[in-house]
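Hello,

Here is the structure we spoke about, for you to look over. My notes on what was found follow below.

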Amino acid sequence: MELKASAGMVNNQSLTNELDNQQLAWDLQMNLDRIIEENTQLAKKIQLDQLIPFIYHIQQAKRIFVIAAGRSGFAMQSAAMRLMHLGLTVYYVGDTTSPAIEPGDLLIAASGSGTTGSIVKAAEKSMKAGANVVGITTNAESFLAKWCNHMVLVPAAGKEDHSKKISTQYAGSLFEQFLLLLNDAVFQSLWKLSAQPAEELWKRHANLE
């Protein structure tokens with residue numbers, strides 16, 4: 001009798017787990033759909049003509065410096081890697097081999113809020129050193145925007161915007177996700193303009209991994 005009771009409990013637990021897992025799978029699908037939809041809507045809202053000066057700044061730069069923090073930093077490191085694959089001289093600010101910025105150089109600075117102290121300071125120092133600065137932010141009135149030669153405004157939710165009117169995701173997730181997509185789109189255009197075959201870019205991929 002006890003064995004039958006135990007078997008029944010196991011079957012009930014298995015059924016409960018199956019229902020819980022099914023619910024979790026539904027939640028995951030809804031999350032993916034929501035994330036993709038929010039990025040799709042953002043892609044329709046952003047003014048693409050503001051990316052043209054961004055591309056020109058990259059093309060004309062002697063050297064390119066990239067800075068961001070947190071999750072935005074990971075997205076911008078990915079962007080720096082792709083620019084390196086194009087054969088450009090690129091440094092990620094904070095690396096021990098990153099040199100002094102000079103006239104003719106370009107700083108690409110990304111901050112959703114536009115108020116991150118280290119990034120604003122880097123933009124200010126870069127402009128005072130005679131370099132150009134392109135800022136990527138959600139806040140056109142931010143401190144970062146004031147220290148830019150050109151600004152790319154991404155109409156995503158700010159990190160402290162909890163209203164869920166623009167994004168239902170946590171903190172600045174939408175900005176951080178779109179930052180990667182935006183820079184990949186810029187890279188694709190730069191690659192086309194460079195007329196380099198994929199085989200040429202592949203030679204620059206890391207081979208010490």
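**Cavity, helix contacts and pocket**

By class, the lining of the largest cavity comprises six nonpolar, one polar and one charged residues. Please keep in mind that this is a predicted model.

**The cavity**

The count comes to one cavity of 30 Å³ or more. The largest cavity has a volume of about 50 Å³. Which residues line the largest cavity? They are Ile 58, Ala 79, Arg 82, Leu 83, Asn 183, Val 186, Phe 187 and Leu 190. Helix H3 (70-85) and H6 each supply at least two residues of that lining. H6 gives the most, with four residues.

**H3 against H6**

These two helices also meet each other. The axes of H3 and H6 come within 8 Å and cross at roughly 10°. Angles under 35 degrees count as roughly parallel, so H3 is roughly parallel to H6.

On the H3 side, the contact uses Arg 71, Ser 72, Ala 75, Met 76, Ser 78, Ala 79, Arg 82 and Leu 83. On the H6 side, it uses Ser 173, Phe 175, Glu 176, Leu 179, Leu 180, Asn 183, Asp 184, Phe 187 and Leu 190. The classes here are nine nonpolar, four polar and four charged residues. Some names return from the cavity. Ala 79, Arg 82 and Leu 83 are among the cavity-lining residues, and they sit in the H3 part of this contact. Asn 183, Phe 187 and Leu 190 also line the cavity, and they belong to the H6 part.

**H2 against H6**

The crossing is right-handed.

From H2, the contact takes in Leu 51, Phe 54, Ile 55, Ile 58 and Gln 59. They meet Leu 182, Asn 183, Val 186, Ser 189, Leu 190 and Leu 193 in H6. The residues of this contact divide into eight nonpolar, three polar and no charged. Ile 58 of H2 is in this contact, and Ile 58 lines the largest cavity as well.

**The pocket**

How much space lies in the largest pocket? About 160 Å³. Its lining includes Phe 65, Val 93, Ser 98, Pro 99, Ala 100, Ile 101 and Leu 107. Ser 118, Lys 121, Ala 122, Lys 125 and Ser 126 line the pocket too. Helix H4 (residues 117-128) gives the most to this lining, with five residues. By class, the pocket lining has seven nonpolar, three polar and two charged residues.

Best wishes

Key
Residues numbered from 1 in each chain as written. Predicted model: local features only at pLDDT ≥ 70, side-chain atom pairs only at ≥ 80, totals over all residues. Heavy atoms only, no water. Left-handed = near helix turned anticlockwise from the far one by under 90°. Contact = heavy atoms within 4.5 Å. Nonpolar A, V, L, I, M, F, W, Y, C, P; charged D, E, K, R; others polar. 1 Å grid on protein atoms, 1.4 Å probe; cavity = no way out; pocket = protein on both sides within 12 Å on 5 of 7 lines; lining within 4 Å. Points joined across faces, edges and corners; volume = space filled by probe spheres on them. Axes fitted to C-alpha atoms, helices over the stretch in contact; angles between N-to-C directions. Parallel < 35°, antiparallel > 145°, perpendicular 65-115°, else oblique.
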